[in-house]
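Here is a short briefing for a first look. Take in the sequence and the structure, then read on by topic.

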Amino acid sequence: METQEEVQVMPKLPRLGEPAPEFEAVTTHGTLKLSDFKGSWLILFSHPADFTPVCTTEFIGFAQIHDKLREMNCELMGLSIDSVYSHIAWARNVEEKMGQKLTFPIIADLNKDVATKYGMVMPGESSTETSRCVFVIDDKQIVRAMIYYPLSTGRNMDEMLRLIQALQTVDKHGVATPANWRPGDQVIVPPPKTQEMAEERVKEKGMECKDWYFCKKDL
Amino acid sequence: MACVNPDGTITASAKALLGAASEPMSPEELAGKIGQPLFRVRSSLRELTGAGLLEESGEKYVATEQGKAKLKEG
């Protein structure tokens, strides 16, 4: 007697430092693949639903920082479990009623394909809506940062910009950034990983050290 | 479809892309020439190639005779 084994594939959620899950999705800018964004950074973010107030403030906020993000070679793409017709109607409504044109694509993830791959649905909040998730994907399509916010609380656009600036600074200069870092502030020199390097570090010039593991410098 | 309407006509951005691809160009060259983001150009190239209006040669794209005729339709 043949038995049919059910193979359950556990979803693998994105992890920092690993390739972002590839997808192909219907968007307000046509069918897009994640690989279409190769070569530029991408902020992929989800929102619970079109035609809701907190989401509207966030979309206005994202649109207002879009130019600055593009100057940093960073694109934007939104997502919710709504149809592309709902997205188009909402984008037109935001432009007409709020005076803000939405210039980035929005994924219509009706089959929850992308939401599932990226772990955007939090059943404790809602089983039919994505929470407020942000995935920062670099120009090599690696996940570099993730932010998860609840349905109730809008995200901070200054932090989105600051995060991209910080990550790109880290990549360019091989440094780390301290709490509350802003462009122009001192950066952290990565701590030495061997005793020999620690001994050399305390003798190094050109940086300010509180101790062998805690050194800052100007860029 | 983002480039080809149900009635077979093409959008303004598709016309710009076809017009720019009169000689073989890479996606990056096309994006720079028409001022569209690279991700949109890549998506459009996929669609227009599938519709037979562009052909891919190596990593460059050029308008086909069908594509050139579509441009003339206006």
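Is A:Phe51 buried or exposed? A:Phe51 is exposed, because 12 other C-beta atoms lie within 10 Å. The cut-offs are these: a residue is buried with 20 or more other C-beta atoms within 10 Å of its own, exposed with 12 or fewer, and partly exposed in between, the C-beta atoms being placed from the backbone.

The model is predicted: local features need pLDDT of at least 70, side-chain atom pairs count only at pLDDT 80 or more, and totals for chains, interfaces and linings use all residues. Residues are numbered from 1 along each chain as its sequence is written, while chains are lettered from A and ligands numbered from 1 in the order in which they are written.

**Chain A as a whole**

- Chain A holds 5 helices and 10 strands. Both are DSSP runs numbered from the N terminus: helices are H or I with at least four residues, strands are E with at least two.
- Along the principal axes, the C-alpha atoms of chain A fill a box of roughly 65 × 65 × 30 Å.
- Of the 219 residues in chain A, 31% are buried.
- Take the contacts in chain A with a separation of 6 or more: 63% of them come from residues 24 or more positions apart. A contact here means that two C-beta atoms, placed from the backbone, lie within 7 Å.

**Strands of chain A**

- Strand E1 (residues 24-27) and strand E2 (residues 30-33) of chain A pair in the antiparallel sense, over 4 bridges. Strands pair if DSSP finds at least two bridges between them.
- E1(A) and E2(A) form a hairpin, with 2 residues between them.
- A:Glu24 stands opposite A:Lys33 in E2(A). A:Thr27 has A:Gly30 as its bridge partner in E2(A).
- An open sheet of 3 strands in chain A runs in the order E8-E10-E9, with antiparallel pairing. Strand E8 (187-189) and strand E9 (208-211) of chain A are at the edges with a single partner strand each, so one side of each has no neighbour in the sheet.
- On average, neighbouring strands of this sheet are turned by 30 degrees against each other, direction ignored.
- E8(A) and strand E10 (residues 214-217) of chain A run antiparallel and are joined by 3 bridges. A:Val187 has A:Lys217 in E10(A) as its bridge partner.

**Positive phi in chain A**

- A:Phe51 has a phi near 55 degrees, a positive value in a residue other than glycine. A:Phe51 sits in the loop between strand E3 (41-46) and helix H1 (53-71) of chain A.
- A:Asn73 also has a positive phi, of about 55 degrees, although it is not a glycine. The loop that holds A:Asn73 lies between H1 and strand E4 (74-80) of chain A.
- A:Asn73 is partly exposed, because 13 other C-beta atoms lie within 10 Å.

**Helices of chain B**

- Helix H1 (residues 12-20) and helix H3 (residues 38-50) of chain B pack at an angle of about 85 degrees, with axes 11 Å apart. Axes are lines fitted to C-alpha atoms, for helices over the stretch in contact, and angles run from 0 to 180 degrees between N-to-C directions.
- H1(B) and H3(B) are therefore roughly perpendicular to each other, a term that covers 65 to 115 degrees.
- From H1(B), B:Ser13, B:Ala14, B:Leu17 and B:Leu18 meet B:Val41, B:Ser44 and B:Leu48 in H3(B). This contact has 5 nonpolar residues, 2 polar and no charged.
- Nonpolar covers Ala, Val, Leu, Ile, Met, Phe, Trp, Tyr, Cys and Pro; charged covers Asp, Glu, Lys and Arg; the others, Gly among them, are polar.

**B:Leu30 and its surroundings**

- B:Leu30 is placed in helix H2 (residues 27-34) of chain B. B:Leu30 counts as buried because it has 22 C-beta neighbours inside 10 Å.
- Leaving out residues up to four places away in sequence, B:Leu30 touches B:Leu17, B:Ala20, B:Ala21, B:Met25, B:Val41 and B:Tyr61.
- B:Leu30 and B:Lys60 are 30 residues apart along the chain, and their C-alpha atoms are separated by 9.5 Å.

**Where the chains meet**

- In the contact between the chains, 8 residues of chain B face 9 residues of chain A. The chain B side has 4 nonpolar, 1 polar and 3 charged residues.

Note on methods:
Angles under 35 degrees count as roughly parallel, over 145 as roughly antiparallel, 65 to 115 as roughly perpendicular and the rest as oblique.
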